[in-house]
Amino acid sequence: MSGEVVRVIARITAQLDKVEELKSVLLGLVEPTRAEKGCVSYQLIQDKTNLAEFVFIEEWISDSAIDAHMTSSHVQDAFSKAQSLLAKAPDIRKYVILR
């Protein structure tokens, strides 16, 4: 798997009365993350039928780039702000494309 782009799908669910607050926190991650070394693509989407459901679709050059992202100050700050806004723990998974 070395040398392959790593995909990340991160599902994040807001408490129903905290959707807009969480959306603001998550949107704050987009630009600084896109500027990170090793970030190929970073998109935030919101479910059209369940507005409390957000998904990050990410591409990174390596697991080490993802590790650096997860320990960055903007991610740590977002985790801190989001804790009281979440309905459940985020579901974050890494994938590679099968050829």
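This is a predicted model: local features need pLDDT of at least 70, side-chain atom pairs count only at pLDDT 80 or more; totals for chains, interfaces and linings use all residues.
Me: In what order do the elements of the protein run from the N terminus on?

Reply: Helices (H or I, at least four residues) and strands (E, at least two) are taken as DSSP runs and numbered from the N terminus. The protein has 3 helices and 4 strands, and their order is β-α-β-β-α-α-β.

Me: Which helices do the buried residues of α3 pack against?

Reply: In α3, which spans residues 73-82, the buried residues are Val75, Ala78 and Ala82. Seen down the axis of α3, they fall within an arc of 60° (taken from the directions from the helix axis to the C-beta atoms), so they line one face of the helix. The face turned away from that buried side carries the exposed residues Ser73 and Ser80. With contact meaning heavy atoms within 4.5 Å, the buried residues of α3 pack against α1 (19-34) and α2 (63-70).

Me: Within what arc do the buried residues of α2 fall?

Reply: The buried residues of α2 are Ala65, Ile66 and His69. Because they line one face of the helix when seen down the axis of α2, the answer is an arc of 100°.

Me: Which strands are tied together by the pair of Tyr42 and Trp60?

Reply: Rings of Phe, Tyr and Trp (its six-membered ring) pair if their centres lie within 6.5 Å, and planes under 30 degrees apart count as stacked, over 60 as edge-to-face and the rest as tilted; the whole structure holds 2 aromatic pairs. For Tyr42 and Trp60 the centres are 6.5 Å apart and the planes stand at 75°, so the pair is edge-to-face. The two residues are 18 residues apart in sequence, so their pair ties together β2 and β3.

Me: Over how many bridges do β2 and β3 pair?

Reply: Two strands pair if DSSP finds at least two bridges between them. A hairpin joins β2 to β3 through 6 residues, and Cys39 stands opposite Trp60 in β3. The pairing of β2 and β3 is antiparallel and extends over 7 bridges.

Technical notes: Residues are numbered from 1 along each chain as its sequence is written. Side-chain values use heavy atoms; hydrogens and water are left out. Buried means under 20% relative accessible area, exposed over 50%, partly exposed in between (1.4 Å probe, protein chains only).
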